[in-house]
Structures are given as C-alpha cells and as structure tokens.
Amino acid sequence: VQLQASGGGLVQPGGSLRLSCAASGNIISIIYMDWYRQAPGKDRERVARIDTHGTANYADSVKGRFTISGDFPRYTVNLEMTSLRPEDTAVYYCAARSRANNYWGLGTLVTVSS
C-alpha cells in the first residue's frame, strides 16, 4: 500500500485547512485509515481514525475542530481542520492499517502562525 498526502501549508490561527490522502496498491486489505501528527520535540500522536464503515474517532485535542472523512471505494481520506491553533503546528502523516501491516505516507507540514 502506498499513501500520498497533500494539503499542508501555512495558515493563521483560527483558520482552516484540508489534508487529503490517497491510497494505492493492495487497498482492499485496509481496515483503518488514520491521520497522525508529530510536533517538534514531541511524540507522534494519532489525530483521527476512520474505518471502512465510516466510523470515526478523534484525539481529545481536536474533537469538535477536525473532521475525518473517507471514500472507501476509492480509499481516499480527508481531514478538515478548523479553528486551527498554533499548537496544531506539526508534520501530519497519513497512515493505513491492514490486519498484518501498518503503512505510512510521507508527512505534510502544517504551520499555524500569524
């Protein structure tokens, strides 16, 4: 499975940004697709997860502000981020999980700054 993420950039506090991720390869094996992030000096954390039935869950730090959505015939996932805060600044990674493996895409940088 290969994952291609896009959509990072610079946004002001309070602004919005959308990240997209497209999976290719053995996509039928995928059970979940996730967004993770890693801020400088911090551990990588899972921000949001969606399964192939559309059930989503979120880290407490982003609940009510971020929305994950998935198109599973196509295995594309979006992360809509609103009310962005400086502490949301991080490299965001798309990930996918099958029963046997975890897959990671290259990160995309999101910077929230005035």
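Q: Contact means heavy atoms within 4.5 Å. With which residues is Arg 37 in contact, leaving aside its neighbours within four places in sequence?

A: One caution before the list: this is a predicted model. Beyond those sequence neighbours, Arg 37 is in contact with Asp 43, Arg 44, Glu 45, Val 47, Ser 61, Val 62, Phe 66, Asp 88, Ala 90, Val 91 and Tyr 92. Find Arg 37 in strand β4, which covers residues 30-38.

Q: Is Arg 37 buried or exposed?

A: Look at the relative accessible area. Under 20% counts as buried. Arg 37 has 6%, so Arg 37 is buried.

Q: Which side chains make a polar contact with the side chain of Arg 37?

A: Look for N and O atoms that come within 3.5 Å of each other. The side chain of Glu 45 is one partner, at 2.7 Å. The side chain of Tyr 92 is another, and that polar contact is 2.9 Å.

Q: How many disulfides does the count come to?

A: The general idea is brief. A disulfide is a covalent bond between the sulfur atoms of two cysteines. Here the count comes to one. Cys 21 is joined to Cys 94, with 1.9 Å from S to S.

Q: Which parts does the pair of Cys 21 and Cys 94 tie together?

A: Cys 21 belongs to strand β3 (residues 17-24) and Cys 94 to strand β9 (residues 90-98), so the pair ties together parts that are 73 residues apart in sequence.

Q: Is the link of Cys 21 and Cys 94 left-handed or right-handed?

A: Read the angle about the S-S bond. For Cys 21 and Cys 94 that angle is -80°, and the link is left-handed. Then check the surroundings. Cys 21 is buried, at 2% relative accessible area. Cys 94 is buried too, at 1%.

Q: How many aromatic pairs are there?

A: The count comes to three. A pair of aromatic rings is described by the distance of the centres and the angle of the planes. Take Phe 72 and Tyr 75 as the worked case. Their ring centres are 5.4 Å apart and their planes make an angle of 85°. Planes over 60 degrees apart count as edge-to-face. The pair of Phe 72 and Tyr 75 is therefore edge-to-face. Both Phe 72 and Tyr 75 are buried.

Q: Which residues do ring pairs link into a cluster?

A: Tyr 36, Tyr 93 and Trp 104 form that cluster. A charge joins the picture here. The charged end of Arg 44 sits over the ring of Tyr 93, 3.9 Å from the ring centre. The charged end of Arg 44 also sits over the ring of Trp 104, at 4.7 Å from the centre.

Q: Which residues make up the covered face of strand β1, and which the uncovered one?

A: A strand can be read face by face. In β1 (residues 2-6), Leu 3 and Ala 5 make up the covered face. Gln 2, Gln 4 and Ser 6 make up the uncovered face.

Q: In which sense do β1 and β3 pair?

A: They pair in the antiparallel sense, over five bridges.

Q: Which residue other than glycine has a positive phi near 55°?

A: That is Tyr 75. Tyr 75 is in the loop between β7 (66-71) and β8 (76-81). Tyr 75 counts as buried, at 9% relative accessibility. Ser 83 is another case: it is not a glycine, yet its phi is positive, about 45°. Ser 83 is in the loop between β8 and β9. With a relative accessible area of 40%, Ser 83 is partly exposed.

Q: Where is Gly 64 found?

A: Look in the loop between β6 (56-58) and β7. Gly 64 is exposed, with a relative accessible area of 79%. Separation can be read in sequence and in space. Gly 64 and Asp 43 are 21 residues apart in sequence, and their C-alpha atoms are 22 Å apart in space.

Key:
Residues are numbered from 1 along each chain as its sequence is written. This is a predicted model: local features need pLDDT of at least 70, side-chain atom pairs count only at pLDDT 80 or more; totals for chains, interfaces and linings use all residues. Side-chain values use heavy atoms; hydrogens and water are left out. A disulfide is a pair of cysteine sulfur atoms within 2.5 Å. Helices (H or I, at least four residues) and strands (E, at least two) are DSSP runs, numbered from the N terminus. Buried means under 20% relative accessible area, exposed over 50%, partly exposed in between (1.4 Å probe, protein chains only). Rings of Phe, Tyr and Trp (its six-membered ring) pair if their centres lie within 6.5 Å; planes under 30 degrees apart count as stacked, over 60 as edge-to-face and the rest as tilted. A charge sits over a ring if NZ of Lys or CZ of Arg is within 6 Å of the ring centre and within 35 degrees of the ring normal. Two strands pair if DSSP finds at least two bridges between them. A polar contact is a pair of N or O atoms within 3.5 Å; within protein, one must be able to donate a hydrogen and the other to accept it, and residues adjacent in sequence count only if both atoms are side-chain atoms.
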